[in-house]
Amino acid sequence: NLQESESENKLDGETASDSESKSEFGGSPPVPTSDDTPEVLNRALSNLSSRWKNWWVRGILTLAMITFFFIIIYLGPMVLMMIVMCVQIKCFHEIITIGYNVYHSYDLPWFRTLSWVQCHGKKYFLLLRIPSHHLLPFGLSSGFCMFVLSLVKKRYRLQFYMFGWTHVTLLIVVTQSHLIIHNLVEGMIWFIVPISCVICNDIMAYMFGFFFGRTPLIKLSPKKTWEGFIGGFFATVLFGWLLSYVMSGYRCFTCPVEFNNDTNSFTVDCEPSELFQLQEYNIPLVLQSVVGWKTVRMYPFQIHSIALSTFASLIGPFGGFFASGFKRAFKIKDFANTIPGHGGIMDRFDCQYLMATFVNVYIASFIRGPNPSKLIQQFLTLRPDQQLHIFNTLKAHLVDKGMLGGLEDA
Amino acid sequence: ELDLEERLGELDLRSDSDIPDVPPPTDSTPEILKRALSGLSARWKNWWIRGILTLAMISVFFLIIYLGSFMLMLLVLSIQVKCYHEINTIGYRVYHSYDLPWFRSLSWYFLLCVNYFFYGETVADYFATFVQRREQLQFLIRYHRFISFALYLTGFCMFVLSLVKKHYRLQFYMFAWTHVTLLITVTQSHLVIQNLFEGMIWFLVPISSVICNDITAYIFGFFFGRTPLIKLSPKKTWEGFIGGFFSTVVFGFIFSYFLAQHQYFVCPVEYNSETNRFVTECEPSELFQMKKYSVPPLLQALLGWETVNMYPFQMHSIALSTFASLIGPFGGFFASGFKRAFKIKDFADTIPGHGGIMDRFDCQYLMATFVHVYITSFIRGPNPSKLLKQLLVLQPEQQLSVYKTLKSHLLEKGILQPSLRG
């Protein structure tokens, strides 16, 4: 087949080693790098030199994104969830498109449909906690069968690669978004503080690097420096501390998001948990002389925020390095060119992914305890002999702890 | 000397026919068998070897069932490790990446982390009473999510630090390859173990159905095979597929009937801390108690009975066998496609005449997930040991109030008799 052999030949352009700067994709068009900047901005900045223009474009877009972020927070949890879903879909799309470009597999039979089916299938499974999610395995199995039936003789390897690529992308993008929404439902503060810490670390590390940067950090990203890393770390911890202090005072941030069946909307109203109630802490003697106070009033959540900021500063950058390595491996400059001056959505979110998982694991391990009323509900559905067994074990445990005197009250 | 990256690029993107074959596995048939069969022609010899090894594997299977759930669990875990190793080895061969810095150790490390995570999520509940007495273990189990995540992250950071300038793409490929393999082998094997703990019957019936389907589809295909089923596997035929389907359903139905009678197979596995062993003793649930069913009029004429005594579980077994016969083969086709894509004949040469462990288990993978979802959707209520564990983690005041609620409920239902104590 002439068409097939032509497409195979085009791929030879890809054998260039990392050090050569040949065009990545031989005859086919490279990932587009056209100038996406809106006309307005172009005209306004036409007088400045191109270096400063780039700076201004980046700066303005950064402010635009931050403003957008604030607006959405104001609009409430429902809108936030929708935004998270949109970001997820866009990231998935960006990564899959890179896969297509790398493998020239845009024309593989059914492939695009299959990947979308799998993405949405997994998404519904993770999001909707109603019984319909049990349909997932049937949906996935049929997707799997369709994949097997679509295997075409000369393209087996390519198809398996794309299958693997899609699944790894699903794993990264979809599970993380699900975790982000999980965190959000725990309380908006668990969504806002981690994300802001990562953004802050990004910006602070850049600034410290810009002004004081001297020793390079890692060969992978030559622009990152140790000074930026350490400066960013301290700045982020401080920022997280202050932000948590401000946010812990407001119920709309600290209360779990609940769906109110009567008003058909999300509500955030509750008795704030202990984490968000001011407490007196004794200052260690070392700091007393520096600060001049003996005790300080703060929220317990602020201590947790130190853990979150530390993680954001130490591991967040590794997510960025991973993405840099990925871009070098596949010879792309940016994931896409959605945001002028910044690249694709994935470029902005690469550091966020590990953070979402960390926060979720942190909450599950240290914060959230099991819900007693839910446990009682589950207990009531058990068989009588199981109920008796649990009851007796609980009783023995309580007697052990001295909570029960061993006396039966009627 | 070609740069690794260049070699990879060429390997990647040439058409399938240009790619050199991975060297064929060596013949690992034991000397004994070779001598015994030296008289026969090569074709019959192959048949005999396959047949003997099949019988050997089935016997090992029965032996381990006899030895009990704990041994079965160990068996599942060792199979998981071997499959993981086989698939990773193929990756190393395909990409000539055996010498990537740190990579092999990293893959084993990731395997350990993911296993620890799943172990903490599922199996640890069953050992709750064992763990309760040992403080160090308690810490490991209670915070297992956090610890396993931290361990995984360390591995992730090491991967990032190990990225070497000329091998970026290769390293990312192997990273992805390892993760997809983990996804397939480790999650499935833990689902299998969870099914096992629900009751050995939930482990035995699905696996046997898949094996039965494999064998009967082959036999039907051998005797009646005419219309090919799918281009991917030219030896499979529609006759084999359909014949295999019906025989598997019948087999599953009959096999469940026999297994459902024994507590050993039907009861959830529990760990008895006094005897330090796994026990399977319980009041069989409704699923495993004989019920009278009215035979539909259609079949009445055929069979001559008006009602029939059977276990409700046998109805479920029809669903399981149907899935095994219809979707199981697709797992086999997927593995065939995979072997063709990467130009290998077998996953490995562990079992003479049969190939690697993965060759035997390729159809089983989807089955394990299906059975697990089936159980959680239609069968199982909340898990008592998990519930207990969560109760024990509550604050003392909460525990007390829960205790009081439970007690009043049990007294109401008459499950607990009010007793007089001095």
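Predicted model: local features only at pLDDT ≥ 70, side-chain atom pairs only at ≥ 80, totals over all residues.
## Aromatic pairs

A pair of aromatic rings is described by the distance of the centres and the angle of the planes.

Let's look at one of them, the pair of Phe159(B) and Phe172(B). Their ring centres are 5.7 Å apart, and the planes make an angle of 85°, giving an edge-to-face pair.

## A second pair

Tyr257(B) and Phe258(B) also pair up, with ring centres 5.7 Å apart. Their planes are at 75°, so this pair is edge-to-face; the label applies because angles over 60 degrees count that way.

How accessible are these two residues? Tyr257(B) is partly exposed, with a relative accessible area of 29%. Phe258(B) is partly exposed as well, at 48% relative accessibility.

## Empty space inside

Rolling a probe the size of a water molecule over the atoms shows where empty space is left. In the whole structure, such a search turns up five cavities of 30 Å³ or more. The largest cavity holds about 70 Å³ of space.

Which residues line the largest cavity? They are Ile180(A), Asn183(A), Trp190(A), Phe191(A), Pro194(A), Ile195(A), Gln352(A), Met355(A), Ala356(A) and Val359(A). Three elements of chain A each give two or more residues to this lining: helix H7 (156-186), helix H8 (189-212) and helix H15 (352-367). Sorted by class, the lining has eight nonpolar residues, two polar residues and no charged ones.

## A closer look at Arg383(A)

Now find Arg383(A) in the loop between helix H16 (372-380) and helix H17 (384-401) of chain A. Arg383(A) is partly exposed, with 31% relative accessibility. Asp400(A) lies 17 residues away from Arg383(A) along the chain, and 26 Å separates their C-alpha atoms.

What does Arg383(A) touch, leaving aside its neighbours within four places in sequence? Arg383(A) is in contact with Glu283(B) and Ser285(B).

Technical notes: Residues numbered from 1 in each chain as written. Chains lettered and ligands numbered in written order. Heavy atoms only, no water. Phe/Tyr/Trp six-rings, centres within 6.5 Å; stacked < 30°, edge-to-face > 60°. Buried < 20%, exposed > 50% of the residue type's maximum accessible area, 1.4 Å probe, protein only. 1 Å grid on protein atoms, 1.4 Å probe; cavity = no way out; pocket = protein on both sides within 12 Å on 5 of 7 lines; lining within 4 Å. Points joined across faces, edges and corners; volume = space filled by probe spheres on them. Helix = DSSP H or I, 4+ residues; strand = E, 2+ residues; numbered from the N terminus. Nonpolar A, V, L, I, M, F, W, Y, C, P; charged D, E, K, R; others polar. Contact = heavy atoms within 4.5 Å.
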